[in-house]
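Open the model in your viewer and keep the selection tool ready. Each stop tells you what to pick and what is there.

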Amino acid sequence: MSAGRQAAGVLVVVALAASVAVCAGLTGAGSVPVPEPPGVAARNAAGAGAPEAVTETVTVRVRDRTVTAEVADSDDERRRGLMYRTWLPPDHGMIFDFGGETTSGFYMFRTLLPLSIMFVRDGRVVSVREMTPCSGDDPSACPVYYPGGAYTHAVEAPAHTFAGVAIGDPVAIGSD
């Protein structure tokens with residue numbers, strides 16, 4: 001299989017996985033823009049195909065941390081996640097709700113910031129992974145970060161946000 005066809009296949013798999021993500025149970029979330037320093041919105045939008053800003057948020061609480069998580073509630077938002085971002089405030093991130101159990105992995109193609117990801121099922125932490133940006137134009141060269149078990153939600157935030165969080169810790173997801 002050619003590298004181009006292989007890369008296209010990986011993108012199709014990621015797109016399909018992202019398109020099944022539904023944000024069920026997160027209705028009623030506030031409409032609060034994520035604060036950014038001057039000029040950041042323009043820099044974030046500079047990436048080819050960068051999405052409009054996601055403004056619907058929920059809070060995610062685990063141990064002594066509270067993350068304001070953007071809800072990716074359209075196919076484009078879920079597919080793109082935090083790609084192209086050049087800045088993310090501390091204690092801010094994105095939540096993906098898969099509407100049921102999955103074991104799908106995440107990868108960092110075209111994601112410019114190191115991220116921490118917490119996988120959650122039944123209100124408990126399944127696992128936490130630290131993910132590093134993947135440079136280059138070949139998504140098949142990017143490592144895939146798997147949860148090590150079934151999960152229903154994934155929360156991405158700046159690197160090390162979930163340091164010290166343990167498997168089984170309770171997680172509360174709610175509206176702002």
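**Stop 1: the ring cluster**

Select Phe 96, Phe 98, Phe 106, Phe 119 and Tyr 151: ring pairs link these residues into a cluster. Rings of Phe, Tyr and Trp (its six-membered ring) pair if their centres lie within 6.5 Å; planes under 30 degrees apart count as stacked, over 60 as edge-to-face and the rest as tilted. By this rule the count comes to six aromatic pairs.

A word on what you are looking at. This is a predicted model, in which local features need pLDDT of at least 70 and side-chain atom pairs count only at pLDDT 80 or more, while totals for chains, interfaces and linings use all residues. Residues are numbered from 1 along each chain as its sequence is written, and side-chain values use heavy atoms, with hydrogens and water left out.

A pair of aromatic rings is described by the distance of the centres and the angle of the planes. How are the rings of Phe 96 and Phe 106 placed? Their centres are 5.3 Å apart and their planes stand at 70°, so the pair is edge-to-face. This pair links distant parts of the chain: Phe 96 is in strand β4 (residues 92-102), Phe 106 is in strand β5 (residues 106-107), and they are ten residues apart. Strands (E, at least two residues) are DSSP runs, numbered from the N terminus.

Are Phe 96 and Phe 106 buried or exposed? Both Phe 96 and Phe 106 are buried. Buried means under 20% relative accessible area, exposed over 50%, partly exposed in between (1.4 Å probe, protein chains only).

Now pick Phe 98 and Tyr 151. They form an edge-to-face pair, 5.5 Å centre to centre, with 90° between the planes. Phe 98 sits in strand β4 and Tyr 151 in strand β9 (residues 151-158), 53 residues apart. Phe 98 counts as buried because its relative accessibility is 12%. Tyr 151 is at 0%, so it counts as buried too.

**Stop 2**

Select residues 56-62. This is strand β2, which is mostly covered: five of its seven residues are buried. Two strands pair if DSSP finds at least two bridges between them.

Six bridges join β2 to β3, and the two run antiparallel. Val 58 has Ala 69 in β3 as its bridge partner. The hairpin of β2 and β3 has two residues between the strands; there, Arg 63 takes a positive phi near 50°.

Next, show residues 171-175, strand β10. Five bridges join β10 to β2, again antiparallel. Find Arg 61: Ala 172 in β10 stands opposite.

**Stop 3: salt bridges**

Side chains of opposite charge can pair when their charged atoms come close. A salt bridge is a side-chain nitrogen of Lys or Arg within 4 Å of a carboxyl oxygen of Asp or Glu. The count by this rule is five salt bridges.

Asp 169 lies in the loop between β9 and β10 and Arg 63 in the loop between β2 and β3, so the pair ties together parts that are 106 residues apart in sequence. Asp 169 is buried, with a relative accessible area of 12%. Arg 63 is exposed, at 54%.

Now select Glu 101, Arg 121 and Asp 122, which salt bridges link in a network. Between Arg 121 and Glu 101, the closest N and O atoms are 3.7 Å apart. Between Asp 122 and Arg 121, they are 3.6 Å apart. Arg 121 is partly exposed at 30% relative accessibility. Glu 101 is exposed at 56%, and Asp 122 is exposed at 67%.

**Stop 4: the disulfide**

Select Cys 134 and Cys 142. A disulfide joins them, S to S 2.1 Å; the term covers a pair of cysteine sulfur atoms within 2.5 Å. The structure holds one disulfide. What is its handedness? The torsion about the S-S bond of Cys 134 and Cys 142 is about -90°, so the disulfide is left-handed.

**Last stop: confidence**

Colour by pLDDT, the predictor's confidence in each residue, from 0 to 100. The protein chain averages 75, and 67% of the residues score at least 70. Over residues 1-51 the pLDDT is below 50. Where pLDDT is low, the predicted coordinates should not be read in detail.

Definitions and conventions:
Helix = DSSP H or I, 4+ residues; strand = E, 2+ residues; numbered from the N terminus. Contact = heavy atoms within 4.5 Å.
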